[in-house]
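Trainee: Could we go through this structure together? I would like to take it one question at a time.

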Amino acid sequence: MPALCRDCLTEFESGPRCPACGRPRIVRHDELRSLSIAHMDCDAFYASVEKRENPELADKPVIIGGGRRGVVSTACYVARIRGVRSAMPMFKALDLCPDAVVLKPRMALYAEVSKQIRGFMEDLTPAIEPLSLDEAFLDLTGTQRLHGAPPAVMLARLVKRMKDELGVTGSVGLSHNKFLAKIASDLDKPHGFSVIGKAETQEFLRPRPVRMIWGVGQAGQDALERSGIRTFEDLLRWDREGLMLRFGSMGERLWHLARGEDHRRVTRNAPVKSISNETTFHENTKDPDILDGHLWRMSEKVADRAKAKGLAGRVVVLKVKRSDFKLITRRHALGDATQMADRIYRTARAMFDQLGAGVSYRLLGTGISELVPADQADRLGDLLDPQAEKRASAERATDAIRARFGNEAIVKGRALR
Amino acid sequence: MKVSIERATLLKAVSQAQSVVERRNTIPILANVLIEAEGDTVTFRATDLDIEVLDRAPAQVERAGATTVSAVTLHEIVRKLPDGALVQLTDDSAAGRLTVAAGRSNFNLATLPKEDFPVMASSEYATNFSAKAETLRKLFDKSKFAISTEETRYYLNGVYMHVSESEEGRVLRCVATDGHRLARIDAPVPSGAEAMPGVIVPRKTVGELRKLLDDDDMDIAVSVSETKVRFATPDITLTSKVIDGTFPDYSRVIPTGNTRRLEVDATEFAKAVDRVATVSSERSRAVKLQLDEDRLVLSVNAPDSGAAEEELAVAYGDEPLEIGFNAKYLLEIASQVDRENAVFMFNSSGDPTLMREGSDTSAVYVVMPMRV
């Protein structure tokens with residue numbers, strides 16, 4: 001069976017250790033030389049970068065996140081042993097791990113390292129699809145001749161280089177499509193290398209839970225569970241029409257995924273078409289103050305991302321899901337594109353108000369679409385709203401303060417509801 | 001029902017009816033026009049539940065009666081019939097069919113019973129007056145470009161018609177705004193209109209009304225209540241609900257302290273704006289105005305596609321000023337000027353600008369500048 005030493009990159013056929021360097025970090029698989037779609041995910045990326053910057057932190061539990069009231073963004077593996085998980089409220093994390101070193105995220109630094117990693121990837125293939133700062137899909141199909149080595153070797157070399165030159169580790173998933181590559185990278189974290197071959201795909205998936213599917217969140221899981229679908233095996237019992245009837249276009253996709261099929265290509269990020277944010281509540285609510293608070297926070301997040309990307313939207317979108325699961329979306333075209341939280345919020349709020357009061361909701365989201373460069377936005381005042389200009393200045397001042405002192409340095413009262 | 005009617009007469013009546021009918025309809029009867037024949041008149045009635053239009057046309061009525069038939073289909077048929085044809089409409093209520101016959105053409109259309117047709121409830125009109133078509137045309141034509149299409153501010157989706165006090169005394173006034181520009185048009189108060197309640201006439205009604213106003217000297221009977229407005233000629237009666245909302249206090253939006261005065265030939269100005277805006281492919285093209293002693297430089301700078309500049313001789317005697325506008329807005333207000341020069345009154349590059357025709361204050365426009 002083809003095998004590869006992840007330390008010295010020697011390819012060989014058999015034996016428990018590498019015949020060249022004698023180390024045991026081996027990956028072996030029948031299809032090792034033919035698979036070419038990969039997912040690379042850095043291990044506890046923000047924490048790793050911080051540890052690299054300050055070697056004293058190396059064996060301490062490190063948590064990256066915002067403030068006591070915030071949530072854990074990343075926890076290093078030392079902290080994870082103690083039960084700390086990302087997205088966990090900070091107070092809970094500190095209960096589990098009182099000696100943790102809590103650091104505010106330094107996004108600019110992480111972006112810098114991410115860019116270097118991207119540079120390494122560019123040496124392998126032009127077909128890179130970054131998902132975030134610390135993970136990406138790579139398609140190395142047809143690069144064997146160019147590199148004189150199969151994709152598996154090149155990927156092992158990539159993570160080795162990341163470790164040697166940048167001091168961060170990553171886990172690789174290698175398979176024959178994106179869906180499986182993403183699952184594979186998670187199988188052997190940290191610093192792992194997992195392969196899912198064509199031959200074992202069905203067998204591999206059969207007992208696993210459908211929540212492994214990227215994009216199936218809690219709500220999706222609930223919906224699947226109501227139809228008796230918990231594992232891929234359950235999914236295989238459904239025919240294509242049945243799934244489509246029940247879950248619409250997602251049903252079609254589920255049918256393919258159940259068979260380990262995923263025809264999406266690895267594409268360099270398509271230009272952003274919209275920016276949006278939504279949240280499913282822990283509990284359904286019809287409390288107008290709570291809903292208003294969510295609406296504002298989401299508008300602010302959308303605005304933050306738009307500002308970071310230098311984009312603005314001509315259309316504001318409101319998305320709500322009522323407690324009876326009815327999904328409603330409303331869009332409103334603006335005369336003048338915007339990236340301001342205030343205008344996104346006000347527009348979304350006006351649309352929300354037209355939906356009628358007293359309804360219980362389970363999900364709320366806002367967004368902008370029909371994007372244009374920021375210099376074409378917020379240029380036109382409103383005759384009937386002379387205060388708008390003042391609010392815009394206040395928002396710009398707030399942005400400047402937050403850029404300097406952190407996101408929580410100044411918040412609107414509305415955001416605390 | 002059996003009637004004979006001249007094709008041109010029929011076409012005019014039916015086309016007015018079909019334009020009121022909503023294209024996308026969930027209630028079948030609303031796609032139909034109600035045809036009623038009696039005496040020597042056929043009336044055509046169509047509605048979208050907010051607007052009702054009633055057309056009366058002279059015809060030879062052999063047998064009185066009434067039925068309803070698809071407005072769009074009937075319009076298409078009549079439109080395609082040869083000019084000068086005599087059209088015969090025969091209703092077979094037992095079969096639920098209407099036959100349209102002209103020369104050798106014969107059409108058979110499905111009908112719906114006339115009882116199902118929703119006739120707009122009649123109401124009491126507190127105010128009734130008569131206005132010349134020319135007057136109403138000025139009031140609505142010059143204001144309608146500023147009507148908002150924003151559904152969230154539904155009270156801006158029409159023209160606010162009301163009686164107001166101006167420098168020249170009481171006037172019949174129409175105001176429209178979308179928050180970026182505003183038009184305020186005045187006309188002398190017709191006798192009987194003094195106590196009229198202010199109403200917001202919806203955009204679609206303004207469009208339908210326009211078809212009644214082609215003949216300058218035609219007297220239009222206007223009736224207004226709190227909830228409805230009616231415009232009538234001897235042949236056509238247009239009744240519409242008004243927008244149930246409060247029009248914002250526009251008077252505080254109209255700048256009174258703008259002192260920098262620019263006078264320019266409106267046509268030349270509009271042409272120049274249109275020319276320089278060509279280089280920009282943005283949806284909202286920004287034009288920069290640079291004003292100096294009797295000189296106006298219009299420019300557009302679109303980093304991705306190019307730049308343009310044009311100089312115009314103007315009358316301007318104040319301090320130099322740089323101010324930007326949406327090109328479309330400038331074009332639209334400049335095209336309202338038809339007799340004299342356009343006079344712009346500026347304050348600063350961030351404040352609303354006022355525009356009027358010469359020294360005439362009966363038509364005033366306000367436009368918000370744009371950051372450039």
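Mentor: We will take the interface, then the cores.

Mentor: This is a predicted model, where local features need pLDDT of at least 70, side-chain atom pairs count only at pLDDT 80 or more, and totals for chains, interfaces and linings use all residues. Residues are numbered from 1 along each chain as its sequence is written, chains are lettered from A, and side-chain values use heavy atoms, leaving out hydrogens and water.

Trainee: How many residues does chain B give to the contact with chain A?

Mentor: Contact means heavy atoms within 4.5 Å. Chain A gives 17 residues. Chain B gives 24 residues.

Trainee: What area do chain A and chain B bury between them?

Mentor: Buried area is the accessible area (1.4 Å probe) lost when two parts are put together, summed over both. Carbon and sulfur atoms hold 54% of it. The total is about 2000 Å².

Trainee: Which side chain meets Arg153(B) in a salt bridge?

Mentor: A salt bridge puts a side-chain nitrogen of Lys or Arg within 4 Å of a carboxyl oxygen of Asp or Glu. The rule finds one across this interface. Its N to O distance is 3.0 Å, and the partner of Arg153(B) is Asp382(A).

Trainee: How many residues has the largest nonpolar core?

Mentor: Such a core joins buried (under 20% relative accessible area, 1.4 Å probe, protein chains only) Ala, Val, Leu, Ile, Met, Phe, Trp, Tyr and Cys residues through side-chain atoms within 4.5 Å. Phe269(B) is among those with the most contacts inside it. The core has 124 residues.

Conventions:
Buried < 20%, exposed > 50% of the residue type's maximum accessible area, 1.4 Å probe, protein only.
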